[in-house]
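I opened my notebook on this one to look up its charged pairs, a helix and a surface patch. Here is what I wrote down as I went along.

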Amino acid sequence: MKIEFTLNGRREAMELDPGRRVVDVLREDLGLTGTKEGCGAGDCGACTILVDGEARASCLMLAVQMQGREITTIEGVGRDGALHPLQQAFVDCGAVQCGFCTPGMVMTSLHLLQKNPHPDRQAVREGIGGNLCRCTGYHKIVDAVMTAAGNMDKEESP
C-alpha cells in the first residue's frame, strides 16, 4: 500500500505493508535509529514520536496510521545541525547516561512544553510519567525540562 506522510518536515511516499509497526518502518526502512524499541508494548516510552504534535508510542502504531500525518522523530527536533534547546538542556543538566531512553524522553518532554511552556516540577514529573529511565534517574531529567522552560527558579511543588 502506498502511504504518504510528512516526516521531520519532508514529504514521504512509501510502499509499505500497512500492518507493519511504525517503529520498524522508522528504524529499518528509513534508518532513523534514534527512535528505540524498549518494551514493544507502549509501556516504556523509548519509542515516542510526535504525530500531528501529539506524543505517541510508535511501537503501537501501524504504518497505515501514518497516512497523511505529520511525524516528528528525535532526528527532526534540532535544526541545521544544532541541538534543540531541550536537547541541549539534557546535555547541560547531565540528564543522559546510557542514552537509551533519551530520545523518547526528549520527545515526551517536547510535547509537554508545547502544551505547557512553563510547567512546575510536578507537572514535568507527571508529563514524563509514562517514560522509564533505568540509569540517569528522574531528578536530572526534570531539571533539564525545567531548564529548557526557563523555570529552574520555580518553587518545588508540595
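Entry 1: I started with Arg121, which forms a salt bridge with Asp143, the closest N and O atoms being 2.8 Å apart. This is a predicted model, so I read every distance here as a property of the prediction. Where do the two partners sit? Arg121 belongs to helix α4 (residues 121-127) and Asp143 to helix α5 (residues 138-149), so the pair ties together parts that are 22 residues apart in sequence. I then checked the cover on each partner. Arg121 is buried at a relative accessible area of 7%, and Asp143 is buried too, at 14%.

**Entry 2: the other salt bridges.** How many salt bridges does a search of the whole structure find? I noted ten. Within it I looked up Glu4 and Lys2, whose side chains meet at 3.7 Å, N to O. Glu4 is partly exposed, with a relative accessible area of 31%, and Lys2 is partly exposed at 48%.

I also wrote down Asp29 and Arg20, whose side chains form a salt bridge at 2.4 Å, N to O. Are these partners buried, exposed or in between? Asp29 counts as partly exposed at 37% relative accessibility, and Arg20 counts as partly exposed at 22%; the cut-off for buried is under 20%.

**Entry 3: helix α3.** Next I tested the geometry of α3 (residues 102-115). At 1.5 Å a residue, its 14 residues should span 20 Å, and the end C-alpha atoms are 20 Å apart, which agrees. Why do I call this helix largely enclosed by the rest of the structure? Twelve of its 14 residues are buried. Among them are Met105, Val106, Met107, Leu110, Leu112 and Leu113, and the list also includes Thr108, Ser109 and His111. I looked up what they pack against, and found β3 (48-51), β4, β5, α2 (85-92), α4 and α5.

**Entry 4: a nonpolar patch.** Last, I turned to the surface. Which residues form the nonpolar patch? I noted Met1, Leu62 and Val64, with about 230 Å² of accessible area together. Val64 is found in the loop between β4 (54-57) and β5 (70-72). With a relative accessible area of 33%, Val64 is partly exposed, and a patch residue needs over 30%.

Methods: Residues numbered from 1 in each chain as written. Predicted model: local features only at pLDDT ≥ 70, side-chain atom pairs only at ≥ 80, totals over all residues. Heavy atoms only, no water. Patch = residues over 30% accessible without salt bridge, like charges linked within 9 Å, V, L, I, M, F, W, Y side chains within 5 Å. Areas by Shrake-Rupley, 256 points an atom, 1.4 Å probe, with all protein chains shown as cover. Salt bridge = Lys/Arg side-chain N within 4 Å of Asp/Glu carboxyl O. Helix = DSSP H or I, 4+ residues; strand = E, 2+ residues; numbered from the N terminus. Buried < 20%, exposed > 50% of the residue type's maximum accessible area, 1.4 Å probe, protein only. Expected span 1.5 Å × (residues − 1). Contact = heavy atoms within 4.5 Å.
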